[in-house]
Amino acid sequence: MTKAQALDLLFGKINDVLALGMAESLFLWDATTSGVPAKSLGVRGAAAGWLSGEAFRRLIAPDTLEAVETLESIGGELSVYEAAMVREIGRKYRKFKAIPPDEFQAFMALAAQSEPVWEAARSKRDFDMMLPYYDKIFDFLRRKCDCFGFDAHPYDALLDEYEMGATVEILDGFFNTMREKIVPLLGEITKRGKQPRTVTGAFDISGQRALAPWLTGFVGYDLSRGKIGEVQHPYCTSLCRNDVRITTKYHENQLFSAIYSTIHESGHALYEQNMDLELERYYLAIAPSMGLHESQSRFFENMICRSRTFAGLLLPKLREQYDYFSDWDEEALFRAVNIARPSFIRIEADELTYCLHIIVRYELEKALMAGEIKASMLPQLWDDKYEELLGVRPGNVAEGVLQDVHWSRGYIGYFPSYAVGTAYGAQFMHAMRKTVDVESAVKNSDLSPVVEWMKENVHRHGRVMITDDLLVQATGESFNHKYYVDYLTEKFTGLYL
Ligand code: ZN
């Protein structure tokens, strides 16, 4: 195979994979935003499954390896984009091929069966229903660690799938610091913190909908190249650079949930929209890691839009929709959107306590993959860790160990990316402040200097660089959790103590 033939072959495959992926995204969008006739669900599910399977079959095929090996052998002649494409496709191919096909098939079947069992077990609050599934899932994942290989800790092999380069060594350092600094801070806040005025009552949904275009526009998400749908569980989906869609949810009694979920998804969408257009054909218009994607959503959601300055912009907008806020001031609103309170449920957690929820899962997953604990020990260990880290003990498994769907799907190593991503955001903020006056940008209601910095340093590169190289280029150093710990400590000490 010549260089030109190898490149053509990969470009052709990428073209197919992108088209199939676009169709699959539309299936999801249609099903979640408009609802579909229940009687069509079986056929739709099969069609969506075929689309993703077909994309996979086209990419993970023997001629892909031949093309990758041809291009690897002439590495020096490749452009930066070509070399990154070969690196990424080669990595994906070899990871997948490391697992014996019959084991992989058996695992896919197991994961498909276990999710409905998890749903039933959670609603019946019955961990034992789920136990045999967890046993088999964790067994498979331990074998997967061996197939992938690792240097220091088996869990490293799984972490690397979501956050390339993340290891137990790095994460232990991060999470141990969080334990040391944030657990006592939360304890102090719970004991003697000045509690904020809370927002209560019903806020009509038409007012919430009316706020959405202002929020998306503020963040810089371009609705002429996207749209907003309404769903139960918000997400962002990218059909191509010029069609990046977000979803949000509205509940009368949860005004801030709608506002901050719209901002969060807009942060994801901004990242997708700002990747260089030409990266698409190289299969590089993708974030290098899950954590980096999350760094963007959480940066805008928390660091920008839960700031005192943003509260000053939000308040008049809220007053336009709701008389309720006529006697509120900026400071009260700032405090109300920064409630810090221990809770049981991760997805409802506030900015301060969120990371502690992740530590519980990280420590359990690490011990499971090392074979130090068994699935049967999870309910007790889970509750103990909640008590130790958050000072609350779940009353049942639905608000405890069975609250997340991830393990039933075999997603182990996924949770830490949420916390690591948030910490990347703080590292970006620290670097950005050297050249950008972030406060003034927010105050002037013109985030363009902030967005431009992110576009230039993060967004436009897609997956050309791996995460750590991108961090070094953007901030001058590898991952450094210090900025996040400092940010949380300063913000919440100032707010509460
Ligand atoms: Zn997100």
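The model is predicted: local features need pLDDT of at least 70, side-chain atom pairs count only at pLDDT 80 or more, and totals for chains, interfaces and linings use all residues. Residues are numbered from 1 along each chain as its sequence is written.

**Exercise 1.** Find how H8 and H20 are oriented to each other, and which residues make the contact.

Solution. Helices are DSSP runs (H or I, at least four residues), numbered from the N terminus. Take H8 (residues 168-192) and H20 (residues 482-496): their axes cross at roughly 10° and come within 11 Å. Axes are lines fitted to C-alpha atoms over the stretch in contact, with angles from 0 to 180 degrees between N-to-C directions. Angles under 35 degrees count as roughly parallel. H8 and H20 are therefore roughly parallel to each other. Next, the contact (C-beta atoms, placed from the backbone, within 7 Å). H8 gives residues including Ile182 and Leu185, and H20 gives residues including Leu488 and Phe492.

**Exercise 2.** Which residues touch the most other members of the largest nonpolar core?

Solution. A nonpolar core is a set of buried Ala, Val, Leu, Ile, Met, Phe, Trp, Tyr and Cys residues joined through C-beta atoms within 7 Å. Buried means that 20 or more other C-beta atoms, placed from the backbone, lie within 10 Å of the residue's own. The largest core has 109 residues, and Ile182, Val219 and Ile359 touch the most other members. Now look at Ile359: beyond neighbours within four places in sequence, Ile359 contacts Phe175, Met178, Arg179 and Leu389. Another core, of 17 residues, lies apart, with Leu10 and Leu279 among them.

Key. A residue is buried if 20 or more other C-beta atoms lie within 10 Å of its own, exposed if 12 or fewer, and partly exposed in between; C-beta atoms are placed from the backbone. Two residues are in contact if their C-beta atoms, placed from the backbone, lie within 7 Å. Helices (H or I, at least four residues) and strands (E, at least two) are DSSP runs, numbered from the N terminus. Angles under 35 degrees count as roughly parallel, over 145 as roughly antiparallel, 65 to 115 as roughly perpendicular and the rest as oblique.
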